[in-house]
Amino acid sequence: MKPTFHPLGDRALVVEFSEEVDATANDHVIALGASFQAMPVSGVTEVVPTYRSLQILYDPTRLRGLVLEGEVLARLTSIELAERPARRWRVPVAYGGEIGQDLEELAETKGMTTAELIMLHSSAEYRVYMIGFAPGFAYLGGVPRALHTPRLPQPRQAIPAGAIGLGGQQASINSVPGPSGWRFLGWTPWRAFDPNRPRPFLFEAGDRVQFTPVSIEEAQEMAGRIAAGEDIARPDDTP
């Protein structure tokens, strides 16, 4: 997949693989970013992956943009798109309640019962396309077409961490409390971001996610175990 290059001032280069949200483009973004992490280039200071492009920040006193473009093209001839098997997560969700405040209205809008909406939402497999907006915030693709829904015209000002959202064609897992215009269906006790963990971000671009309905009592019990330091948020096949 041949990219297009977009200079961003004199300290960054955007490598764009597609104008659409596309899994293959995202695979290229992830692989190219991993390549720069594994084999650093003198002068490159950071790489920032998005849905369909990679932003590469560099020091212009040590590296020229045209040289960096050549380095990118050279790497794209040899990188492997599937170097790391996708991790698969089964994320527990307590649907509805105070945090899942849009569940009933959204079900009515879609002509479904809440049980039907929950079944549809939890039966899909989602792809983590990128982490952004807030530390550990997971943007998910793969939302069933019947659940595509516009965001709120005016954001709410206080949405807690762990809220499970829908916005347009995307799903999300909130990582920290804050404002949001997404529609929210429920809450997970898992912490997408915890600065006290060895790896603060739970999810990574390229991971797969499926939601598992649980009761609010089960979710609260899990939250207590996590608060006590128990490591229960793990991908499948992790011992």
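A residue is called buried here when its relative accessible area is under 20%, exposed when over 50%, and partly exposed in between, with a 1.4 Å probe and protein chains only. On that basis, 47% of the 239 residues of the chain count as buried.

Some ground rules. This is a predicted model, so local features need pLDDT of at least 70 and side-chain atom pairs count only at pLDDT 80 or more, while totals for chains, interfaces and linings use all residues. Residues are numbered from 1 along each chain as its sequence is written, and side-chain values use heavy atoms, with hydrogens and water left out.

Now the overall form. The chain has 5 helices and 13 strands, where helices (H or I, at least four residues) and strands (E, at least two) are DSSP runs numbered from the N terminus. Its C-alpha trace spans about 55 × 40 × 30 Å along the principal axes. The radius of gyration, taken over C-alpha atoms, can be set against a globule rule of 2.2 Å times the number of residues to the power 0.38. For 239 residues a compact globule would come near 18 Å, and the chain has 19 Å, which agrees.

Is Gly-165 buried or exposed? Gly-165 counts as buried because its relative accessibility is 0%. Gly-165 sits in strand E9, residues 163-167. Not counting residues up to four places away in sequence, Gly-165 touches Gln-170, Ala-171, Ser-172, Trp-182, Arg-183 and Phe-184.

Ala-12 belongs to strand E2, residues 12-16, and is buried, with a relative accessible area of 5%. Leaving aside neighbours within four places, its contacts are His-6, Pro-7, Gln-55, Ile-56, Leu-57 and Tyr-58. From Ala-12 to Trp-190 is 34 Å, C-alpha to C-alpha, and 178 residues in sequence.

Then the loops. Gly-111 lies between helix H3 (103-109) and helix H4 (114-123), and counts as exposed at 64% relative accessibility. Phe-133 is in the loop between strand E6 (126-131) and strand E7 (138-141). Phe-133 is exposed too, with a relative accessible area of 65%. What is the phi of Phe-133? The value is near 70°, positive in a residue other than glycine. Most residues other than glycine have a negative phi.

His-148 is found in the loop between E7 and strand E8 (156-159). At 21% relative accessibility, His-148 counts as partly exposed. Outside four places in sequence, His-148 is in contact with Lys-110, Val-143, Gly-168 and Gln-169.

Last, a pocket. On a 1 Å grid over the protein atoms alone, where a 1.4 Å probe fits, a pocket is an open set of points with protein on both sides within 12 Å along at least five of seven lines, and lining residues have an atom within 4 Å of a point. The second largest pocket holds about 420 Å³ of space. It is lined by 19 residues, and the closest to its centre are Arg-197, Arg-199, Leu-202, Asp-231 and Ala-233. Volume here is the space filled by probe spheres set on the points, which are joined across faces, edges and corners.

Terms used. Contact means heavy atoms within 4.5 Å.
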